[in-house]
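Q: I have a structure open and would like to go through parts of it with you. Could we take it region by region?

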Amino acid sequence: MKQKDIISMNDMSKEEILSILEIAGKIEKTPEKEKLKFLQGKIVSTLFFEPSTRTKMSFESAALRLGAEILHFPPLEQTSLKKGESFTDTIKMVESYSDAIVVRHPFDGAARLAANTSKKPVLNAGDGSNQHPSQTLLDLYTILEEKGTLNNISVAFVGDLKYGRTVHSLVKALTHFNPKIYFVSPEILQMPQYLLDDLDKHNIKYEVLRDFRDYLDKIDVFYMTRIQRERFPDIEDYEKVKGVYVINKENIAGKCKEDMIILHPLPRVDEISTDLDDTKYALYFKQAKNGIPVRQAMLMTVLDEIKNHIK
């Protein structure tokens, strides 16, 4: 890595992305007892300023399975932030207790600020509607495992494309692999223009759609997202679009490619019917499980432990 932190897919080259995925694959094949030596004696702090299940627990599981200890950030009302301590002062304190810091925050740019403040490595676990690089890397890992390649695939992003940081990160990463992209959303949740401009700059083909049903036979990866109530400044706007896209056996089976896969960063609400869970298309739970080796590879990389343990 050129930098000690993993903050944004904008910072990562194609080679760095593929390196993380390769390392994740090697770690996944390593016996559990052997992995416990990889980060023995290291402390990883997890600072989550907004709710999380998968990202927080998988980062912590990843670190524990490598032999590291976890320093948990307490609920906000029990921290000095409640007394008025600044975010940067909190980061300065936590870095003195840690070897690496994982940060999730509701404000865009908070992870970058943490990285600029800390001398210890910082990993972005999601900042506002901006970026979510660890999710993107596990998404790519899942696609690579299932498709055998990241090159020249067609991907449909469906749902909340305006506030969806997982979408923003993954779209940026895919510019290295010549995809064809379909953006499917209500008008008020369209992909931000600056990201479309970036696709134009990289000569990536894309279409902006309102419905996915006529395109199912063209899609390799169907990336569904939740309409995120918590991101809407005006709740009335949320009420207008909630539940607008739903996929189930009836509207997928027999109409999509036989090898199409469905991904979702989770949690889901009602946008993916549970009747799809046992089908060959549903990869979202395996996708979540892949967060373990990928986040292990991220921790090993920023802590510069690859050369000591991975051949």
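Q: To start, where does Asn248 lie?
A: Asn248 is in the loop between helix 9 (235-241) and helix 10 (249-252). Helices (H or I, at least four residues) and strands (E, at least two) are DSSP runs, numbered from the N terminus. This is a predicted model, in which local features need pLDDT of at least 70 and side-chain atom pairs count only at pLDDT 80 or more, while totals for chains, interfaces and linings use all residues. Residues are numbered from 1 along each chain as its sequence is written, and side-chain values use heavy atoms, with hydrogens and water left out.

Q: Which residues does Asn248 touch, not counting residues up to four places away in sequence?
A: Asn248 touches Ser273, Asp275 and Leu276; contact means heavy atoms within 4.5 Å.

Q: And what separates the C-alpha atoms of Asn248 and Glu271?
A: They are separated by 8.6 Å, and the two residues are 23 residues apart along the chain.

Q: Moving on, is the peptide bond from Leu266 to Pro267 cis or trans?
A: The bond is cis, with omega near 5°. Pro267 belongs to the loop between strand 9 (261-263) and helix 11 (284-289), and Leu266 is found in the loop between strand 9 and helix 11 as well.

Q: What about the phi of Leu266, positive or negative?
A: Leu266 has a positive phi of about 60°, although it is not a glycine.

Q: Now the helices. At what angle do helix 1 and helix 6 pack?
A: Helix 1 (residues 14-28) packs on helix 6 (residues 133-147) at about 70°, and their axes are 10 Å apart. Axes are lines fitted to C-alpha atoms, for helices over the stretch in contact, and angles run from 0 to 180 degrees between N-to-C directions. Helix 1 is therefore roughly perpendicular to helix 6. Angles under 35 degrees count as roughly parallel, over 145 as roughly antiparallel, 65 to 115 as roughly perpendicular and the rest as oblique.

Q: Which residues of helix 1 and helix 6 meet?
A: From helix 1 they are Ile17, Ile20, Leu21, Ala24, Gly25 and Glu28, and from helix 6 they are Leu137, Leu140, Tyr141, Leu144 and Glu145. By class, this contact has eight nonpolar, one polar and two charged residues. Ala, Val, Leu, Ile, Met, Phe, Trp, Tyr, Cys and Pro count as nonpolar, Asp, Glu, Lys and Arg as charged, and the others, Gly among them, as polar.

Q: How do helix 6 and helix 12 pack?
A: Their angle is about 125°, with the axes 9 Å apart. That makes helix 6 oblique to helix 12. Helix 6 contributes Ser134, Gln135, Leu137, Leu138 and Tyr141 to the contact, and helix 12 contributes Gly291, Pro293, Val294, Arg295 and Met298. These residues divide into six nonpolar, three polar and one charged.

Q: What about helix 3 and helix 12?
A: The axes of helix 3 (residues 54-65) and helix 12 (residues 291-302) come within 8 Å and cross at roughly 65°. Six nonpolar, four polar and three charged residues make up their contact.

Q: Last topic: how many cavities of 30 Å³ or more does the structure hold?
A: There is one. On a 1 Å grid over the protein atoms alone, a cavity is a set of points where a 1.4 Å probe fits but cannot get out, and lining residues have an atom within 4 Å of a point.

Q: Which residues line the largest cavity?
A: The lining consists of Phe183, Gln190, Met191, Leu196 and Val208. Four of the lining residues are nonpolar, one is polar and none is charged.

Notes
1 Å grid on protein atoms, 1.4 Å probe; cavity = no way out; pocket = protein on both sides within 12 Å on 5 of 7 lines; lining within 4 Å. Points joined across faces, edges and corners; volume = space filled by probe spheres on them.
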